Amino acid sequence: MVTDDLIDRARAGDGDAFQELIEPHRRELQVHCYRMLGSLQDAEDALQETLTAAWQGLGGFEERASIRTWLYRIATTRCLNARRSASRRPAKEWDIAEYQPPEPTRFGEIVWLEPFPDALLEGVMDVPLGPEARYEQAETISLAFVTALQVLPPRQLAVLVLRDVLGFHASEVAEMLDSTIDSVNSLLKRARAGLQRRMSTGAVRGPAPAPDSPSERVTVAEFVRAYESGDLDALVALLTDDVFLSMPPFPLEYEGLDVVTRFYASMIGSGRRFDLVPTRANGQPAFGAYLRAPSGIRHGTGLLVLTLAGDRICSVTRFDTSVFPWFGLPRSLPSR
């Protein structure tokens, strides 16, 4: 078999054979690490640690499981170690001097959350899942789902992702985690309950339209028109009554139409004008936001990721400009 030949050559020190062996799994392992950690930077670090450990440990690979399963075991262990290290990105103080936001509804905990560029999902969504998978792939990469995962204790999170997202059997997960099937089933039960509690508020909303569908394009176009023109009434008309606004790494969170309206009244209702450059993150519409300066130059202020429910927007997540390079977005745009 081709795989057996690659394993033999890689064990003998052939780096090209090792790359050929792991390359089909690289993207999906990166997504796995992202689901586990909620941060693209942390996921990339965990992926590199995984591949290094696989290269160094290939001699001990006993071939009782597939290379893919073995790599998932290593990646999960690295992610669990990262979760336990508690060296997550800290909350950031508000540093936009010319704009003071209203008092938030609350302060969020998942300040290390980062967006995942759709460009990096190419091929991943087509990977066949195991028979135990309970979710559609698109749902499990959404910002709402990834955020909810971050609240779970590390081993509960690992079991839920391996069982319900990827579809591994309980026996496979038990071996990956050096645990027992009974322990895995117990962790899974608690993880499902915790995830359900976290995501239950979205149950009454309409489903999101299909990516790049006509209905999505209409809502997105209306958002762009309202945001760029500073039309507060038109913008608010697009939002659900329970709309949620967050801004990691700032811990500020706003929930409900009234307080989010106040936020945007001071943001775009004060004469500040923006241009939006479209992209996609986590399978969702996203935009690089650029503030128009008197000189004509437009300076990047953040990445906006929209979560849609039917023909309305139920959540806006704003990330700082440090994520721009991942989306090919420049720090500024020239004057028109």
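Predicted model: local features only at pLDDT ≥ 70, side-chain atom pairs only at ≥ 80, totals over all residues.
Student: Which way do β4 and β5 run, parallel or antiparallel?

Tutor: Strand β4 takes in residues 274-281, and eight bridges join this strand to β5. One of the bridge pairs puts A281 with Q284 of β5. As for direction, β4 and β5 run antiparallel.

Student: Which residue takes a positive phi in the hairpin of β4 and β5?

Tutor: This hairpin has two residues between the strands. Look in the loop between β4 and β5 for a residue other than glycine. With phi near 55°, the residue is N282.

Student: Which residue has the positive phi in the hairpin of β5 and β6?

Tutor: Here there are five residues between the strands. The phi in question is near 100°, and the residue that takes it is G296.

Student: Is P294 buried or exposed?

Tutor: P294 has its place in the loop between β5 and β6. The cut-off for exposed is over 50% relative accessible area. P294 has 92%, so this proline is exposed.

Student: What distance separates the C-alpha atoms of P294 and S335?

Tutor: Along the chain, P294 and S335 are 41 residues apart.

Student: Let's move to β2. Which strand does β2 join in the parallel sense?

Tutor: β2 is mostly covered, with seven of its nine residues buried. Four bridges join β2 to a strand made of residues 312-319. In one of these bridges, F244 has S315 as its partner. The strand that runs parallel to β2 is β7.

Student: And in β3, what is the bridge partner of S246?

Tutor: β2 and β3 form a hairpin with two residues between them. Four bridges join these strands, which run antiparallel. For S246, the partner in β3 is E253.

Student: Which peptide bond is cis?

Tutor: Go to the loop between β2 (239-247) and β3 (250-255), where P249 lies. Omega is near 10° for the cis bond there, the one from P248 to P249.

Student: Where is D178 found, and is D178 buried or exposed?

Tutor: D178 is in the loop between α8 (170-176) and α9 (181-199). Its phi is near 50°, a positive value in a residue other than glycine. Exposed means over 50% relative accessible area. At 64%, D178 is therefore exposed.

Student: How many disulfides does a search of the whole structure find?

Tutor: A disulfide needs two cysteine sulfur atoms within 2.5 Å. The search of the whole structure finds zero.

Student: For C79, which cysteine has the nearest sulfur?

Tutor: C79 is buried because its relative accessibility is 0%. C79 is in no disulfide, as its nearest cysteine sulfur is 3.6 Å away. That sulfur belongs to C33.

Student: Is E28 buried or exposed?

Tutor: E28 lies in helix α2, which spans residues 15-37. Leaving aside neighbours within four places in sequence, E28 is in contact with R68, Y72, V124 and V127. Its relative accessibility is 8%, so E28 counts as buried.

Student: What is the volume of the largest cavity?

Tutor: The count comes to one cavity of 30 Å³ or more. The residues lining the largest cavity include E28, R35, Y72 and Q137. Its volume is about 40 Å³.

Student: How many residues in the lining of the largest cavity are charged?

Tutor: V124, V127, L129 and L166 are also among the lining residues. The lining divides into five nonpolar residues, one polar residue and a remaining charged group. The number of charged residues is two.

Conventions: Residues numbered from 1 in each chain as written. Heavy atoms only, no water. Pairing = 2+ DSSP bridges. Buried < 20%, exposed > 50% of the residue type's maximum accessible area, 1.4 Å probe, protein only. Contact = heavy atoms within 4.5 Å. 1 Å grid on protein atoms, 1.4 Å probe; cavity = no way out; pocket = protein on both sides within 12 Å on 5 of 7 lines; lining within 4 Å. Points joined across faces, edges and corners; volume = space filled by probe spheres on them. Nonpolar A, V, L, I, M, F, W, Y, C, P; charged D, E, K, R; others polar.
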